[in-house]
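Dear colleague,

Please find the structure below, followed by an account of what was found in it.

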Amino acid sequence: MRLPTMPPQLTLLLLRTQAGLQRLREDRGASTLEWVVITTLIIGIAIAAAAVMKDKVTEWLAKIP
């Protein structure tokens, strides 16, 4: 029994589609990693700013008689 074969044009189209989807997945993964790093940096900066503000407020409260 002989299996049917696909025309070469259809095979090429399927290969290009698969390659495009793979590239899209890789780009999405890199983009997600970038967003995680950026978000982590922003959260770190916010925590540091909150700590500095808390120290300044505590200093000012200590000066009040």
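Met6, Leu10, Leu13 and Leu14 form a nonpolar surface patch of about 360 Å². Such a patch joins nonpolar side chains (Val, Leu, Ile, Met, Phe, Trp, Tyr) within 5 Å, from residues with over 30% relative accessible area and no salt bridge (a side-chain nitrogen of Lys or Arg within 4 Å of a carboxyl oxygen of Asp or Glu). Areas follow the Shrake-Rupley method with a 1.4 Å probe, and for residues only the protein chains shown count as cover.

This is a predicted model, in which local features need pLDDT of at least 70 and side-chain atom pairs pLDDT 80 or more, while totals for chains, interfaces and linings use all residues. Residues are numbered from 1 along each chain as its sequence is written, and side-chain values use heavy atoms, without hydrogens and water.

Leucine 14 lies in helix 1 (residues 8–63), a DSSP run of H or I with at least four residues, numbered from the N terminus.

The chain exposes about 6,500 Å², of which carbon and sulfur atoms supply 71%.

How values were computed: Patch = residues over 30% accessible without salt bridge, like charges linked within 9 Å, V, L, I, M, F, W, Y side chains within 5 Å. Helix = DSSP H or I, 4+ residues; strand = E, 2+ residues; numbered from the N terminus.
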